[in-house]
Amino acid sequence: MISAAGLGKRFGDGWVFRGVTFQLPERGLVVVLGPNGSGKTTLLKILATLLEPTEGEVKILGLSWGEARMRLRREVLYAHQEPVVLSGTVEDNLFCRDYDVEDALGLRPVLRKKAKSLSGGYRKLVTLARVLACRPKVALLDEPTAFLDPEKRQIAAAYIAEYSRKNLVVWTSHYPSELPPAERLYELRDGALKELSNIR
Ligand SMILES: Nc1ncnc2c1ncn2[C@@H]1O[C@H](COP(=O)(O)OP(=O)(O)O)[C@@H](O)[C@H]1O
Ligand SMILES: [Mg+2]
């Protein structure tokens, strides 16, 4: 489904990470834990073909990084860490519509509101719904519960867990204490990715 071998990314003179190797399952919840600046966003953006790797290989749904960038449109989607909304209403912001997602995330009452007038938490939910409503086979969710209050956090986590029963979800976090039950757990730290699943 998604795999990487010897993956590395450098900005200017500094390597963010090197030698990153993994093989992700076809479906399930994979968590990538790591402190600020360890490269979680960079890694997700590479898998979403928004950033090009400096070295190593990635296979995304059977395609190389270059082929995936050309050919994959809605199969692999990235949801930004920061709440990102465009002008217009919440509805205008949802390129794919899915009643279940809108309902589960509590967005139905705000569909007609101006997206930019919403609180950070709601804007984050719109950012998540924009991706999940398109039902990607691979949802790359960058700190999906950041900006959410405890209640919304729980709602979003439950929906994402349900979504990961049929699809692959990669979830990044810098909060070891707030991890969802994951199929697999990795830690990105000091430029390397380690699998921690066996420790839990
Ligand atoms: N476009 C960029 N240009 C230069 N450096 C970058 C760029 N994007 C990220 N970085 C650097 O790469 C490192 C990893 O960043 P990031 O992937 O955002 O980490 P995380 O998501 O784990 O907080 C940081 O040191 C950051 O400053
Ligand atoms: Mg980040």
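1. In this note a helix is a DSSP run of H or I with at least four residues, and helices are numbered from the N terminus. The structure under review is a predicted model. Helix α1, which covers residues 40-47, is followed by Thr 49, a residue with a positive phi near 60°.

2. Lys 40, Thr 41, Leu 43, Leu 44, Ile 46 and Leu 47 are its buried residues. Because six of the eight residues of α1 are buried, the helix is largely enclosed by the rest of the structure.

3. Which residues lie around ligand 1? They are Phe 11, Val 16, Gly 34, Asn 36, Gly 37, Ser 38, Gly 39, Lys 40, Thr 41 and Thr 42. Helix α1 supplies three residues, the largest share of this shell. Sorted by class, the shell holds seven polar residues, two nonpolar ones and one charged one. Two members of the shell, Lys 40 and Thr 41, are also among the buried residues of α1.

4. An open sheet is built from six strands in the order β6-β7-β8-β3-β9-β10, with mixed pairing. Its edges are β6 (76-79) and β10 (192-195), each of which pairs on one side only. On average, neighbouring strands of the sheet are turned by 20° against each other, direction ignored.

5. Within this sheet, β3 (residues 28-33) and β8 (residues 168-173) are paired in the parallel sense, over six bridges.

6. How are α5 and α6 oriented towards each other? Helix α5 (residues 120-132) packs with α6 at an angle of about 10°, and their axes are 12 Å apart. Since angles under 35 degrees count as roughly parallel, the two helices are therefore described as roughly parallel to each other. Gly 121, Leu 125, Leu 128 and Leu 132 of α5 make the contact with Lys 152, Ala 156 and Tyr 163 of α6. By class, this contact has five nonpolar residues, one polar and one charged.

7. Strand β1 (residues 2-11) runs antiparallel to β2 (residues 14-24), and seven bridges join them. Ile 2 has Leu 24 of β2 as its bridge partner. The two strands form a hairpin with two residues between them, and Gly 12 in the turn has a positive phi of about 60°. Strand β1 is also joined by five bridges to β4 (residues 55-60), again in the antiparallel sense. In this second pairing, Gly 8 stands opposite Glu 55 of β4.

8. Ala 5 is a residue of strand β1. Leaving aside residues up to four places away in sequence, Ala 5 touches Thr 21, Gly 56 and Glu 57.

How values were computed. Residues are numbered from 1 along each chain as its sequence is written. Chains are lettered from A and ligands numbered from 1 in the order in which they are written. This is a predicted model: local features need pLDDT of at least 70, side-chain atom pairs count only at pLDDT 80 or more; totals for chains, interfaces and linings use all residues. A residue is near a molecule or strand if its C-beta atom, placed from the backbone, lies within 6 Å of it. Ala, Val, Leu, Ile, Met, Phe, Trp, Tyr, Cys and Pro count as nonpolar, Asp, Glu, Lys and Arg as charged, and the others, Gly among them, as polar. Two strands pair if DSSP finds at least two bridges between them. Axes are lines fitted to C-alpha atoms, for helices over the stretch in contact, and angles run from 0 to 180 degrees between N-to-C directions. A residue is buried if 20 or more other C-beta atoms lie within 10 Å of its own, exposed if 12 or fewer, and partly exposed in between; C-beta atoms are placed from the backbone. Two residues are in contact if their C-beta atoms, placed from the backbone, lie within 7 Å. Angles under 35 degrees count as roughly parallel, over 145 as roughly antiparallel, 65 to 115 as roughly perpendicular and the rest as oblique.
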